[in-house]
Amino acid sequence: MFNLTGKVAIITGVASKRGFGRVIVNYLAKNGCDIIAVDKFIIPPRAEDNTDGWQGLKSIVKEVKNIGRKAI
């Protein structure tokens, strides 16, 4: 584990519910990093990602804030 408190990461490609970007964002946030999340899709392009209320970037930001870190 790393202590990334006070660091900010810019992560691209995070809107997909099952993508690597989401995994990376959560890992960094759990280790103290604040996040700038970026994707060309505001909501995920795959219909199956939207069946349970997944909202792409908005959902990622909520996850990070629930961990206790800042996210935009």
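These legends describe close-up views of a predicted model.

**View 1. The two sides of helix α1.** Helix α1 spans residues 20-30. Its buried residues are G21, V25, N26, L28 and A29. These residues lie on the same side of α1, because they cover an arc of only 165° around the axis. On the other side of the helix, F20, V23 and K30 are exposed.

**View 2. What covers the buried side of α1.** Several elements take part in covering the buried residues of α1. Among them are the strands β1 (8-12) and β2, along with the helix α2 (57-67).

**View 3. N31 in its loop.** N31 sits in the loop between α1 and β2, a strand that covers residues 34-38. Is N31 buried or exposed? N31 counts as buried because its relative accessibility is 6%, and the cut-off for buried is under 20%. A polar atom of the N31 side chain lies 2.8 Å from the backbone oxygen of Y27. G32 also follows α1, and its phi is positive, near 100°.

**View 4. The largest nonpolar core.** This core has 16 residues. Which of them touch the most other members? They are V14, V25, L28 and I35. At least two residues of the core come from each of β1, α1, β2 and α2. Helix α2 gives the most, with 4 residues.

**View 5. The surroundings of V14.** Leaving aside residues up to four places away in sequence, V14 touches G21, R22, V25, A37, V38, D39, L57 and I60. One of these, V25, is also among the buried residues of α1.

Conventions: Residues are numbered from 1 along each chain as its sequence is written. This is a predicted model: local features need pLDDT of at least 70, side-chain atom pairs count only at pLDDT 80 or more; totals for chains, interfaces and linings use all residues. Side-chain values use heavy atoms; hydrogens and water are left out. Buried means under 20% relative accessible area, exposed over 50%, partly exposed in between (1.4 Å probe, protein chains only). A polar contact is a pair of N or O atoms within 3.5 Å; within protein, one must be able to donate a hydrogen and the other to accept it, and residues adjacent in sequence count only if both atoms are side-chain atoms. The arc is that of the directions from the helix axis to the C-beta atoms. Contact means heavy atoms within 4.5 Å. A nonpolar core is a set of buried Ala, Val, Leu, Ile, Met, Phe, Trp, Tyr and Cys residues joined through side-chain atoms within 4.5 Å.
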